[in-house]
Structure formats: structure tokens, C-alpha cells
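Please look over the chain shown below together with these notes.

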Amino acid sequence: LQPDLTADGDPALIRAVLDNLLGNAWKFSSKCGQARIEVGEASSRGKSAFYVRDNGAGFDMNYASKLFGAFQRLHLAREFEGTGIGLATVYRIIQRHGGEIWAEAAPGQGATFYFTLPDVVAAS
């Protein structure tokens, strides 16, 4: 966890974002021998963005457009549990705050979910 991360937002909604993203990172890295989950802030796409990164199952970026749709899954239910609404919820919360969310991933190499919020204050 990168220290000194701050942003403005509804605390309950931002908690839901982090609960979903961290829960997914935990779930999709659960089958790794040396699982790693990171939370921090970095520049991506020319913007200051928060991120949640794992070294888990990852996914094929050809299907990234489905990520934030309700009931869309990129892994079989027998591989990983879930309803397919977590990332749709995250998307709506970030949009409601005037931010953006996107992901970068590769099969078997983990995923990084980036999101922006108004007035993101970068860590020093």
C-alpha cells in the first residue's frame, strides 16, 4: 500500500469501489503461489490515477469492453465465483464522481485497474 493516498469522494461509495477492486484482486490471485496485491497512485494515460494491481489470472484485453457491464464475466463461474455486478457497480460509482476507470491485463499475468477521481492528490 502506497502511503499518503488522498482524494475527495463519498466515503461509503469509495469504500465500495475499494472493496470490489480489492476483493477481485484477492479472488483472481488466490490460485497464485506468491500472490501480490498493490494499491497506489501512478500516471497512466497522461493522468494521475489510483490503481489496484494483482498478479493473478488476468484476462484477454480483447474482451476489456465487457468488463464494466452488468453480469459480464471473463472467467467461468467454476473457475472463480461471482455475480458479474461488482465492476459494473465500481464503474457507476467512479462515473458518478466524475472520474474514469480502465484496466490493463494479460492472461496469467494479473490485472491493474486504474481509476481517477476529482482532485486526486498525488503522493509525494
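This is a predicted model: local features need pLDDT of at least 70, side-chain atom pairs count only at pLDDT 80 or more; totals for chains, interfaces and linings use all residues.

1. Residues are numbered from 1 along each chain as its sequence is written, and side-chain values use heavy atoms, with hydrogens and water left out.

2. Side chains of opposite charge can pair when their charged atoms come close. With a salt bridge taken as a side-chain nitrogen of Lys or Arg within 4 Å of a carboxyl oxygen of Asp or Glu, the count comes to two salt bridges.

3. Arg-36 is exposed at 52% relative accessibility, whereas Glu-38 is partly exposed at 23% (buried means under 20% relative accessible area, exposed over 50%, partly exposed in between, with a 1.4 Å probe and protein chains only).

4. Glu-38 also meets Arg-53 in a salt bridge, at 3.3 Å from N to O. This pair links distant parts of the chain, 15 residues apart, with Glu-38 in strand S1 (residues 37-44) and Arg-53 in strand S2 (residues 47-54). Helices (H or I, at least four residues) and strands (E, at least two) are DSSP runs, numbered from the N terminus. Through shared partners, Arg-36, Glu-38 and Arg-53 form one network.

5. Helix H2 (residues 86-96) has buried residues, among them Leu-87, Val-90 and Ile-94. The buried residues of H2 pack against helix H1 (11-28), strand S3 (101-105) and strand S4 (111-115), where contact means heavy atoms within 4.5 Å. Gly-98, which follows H2, has a positive phi near 80°.
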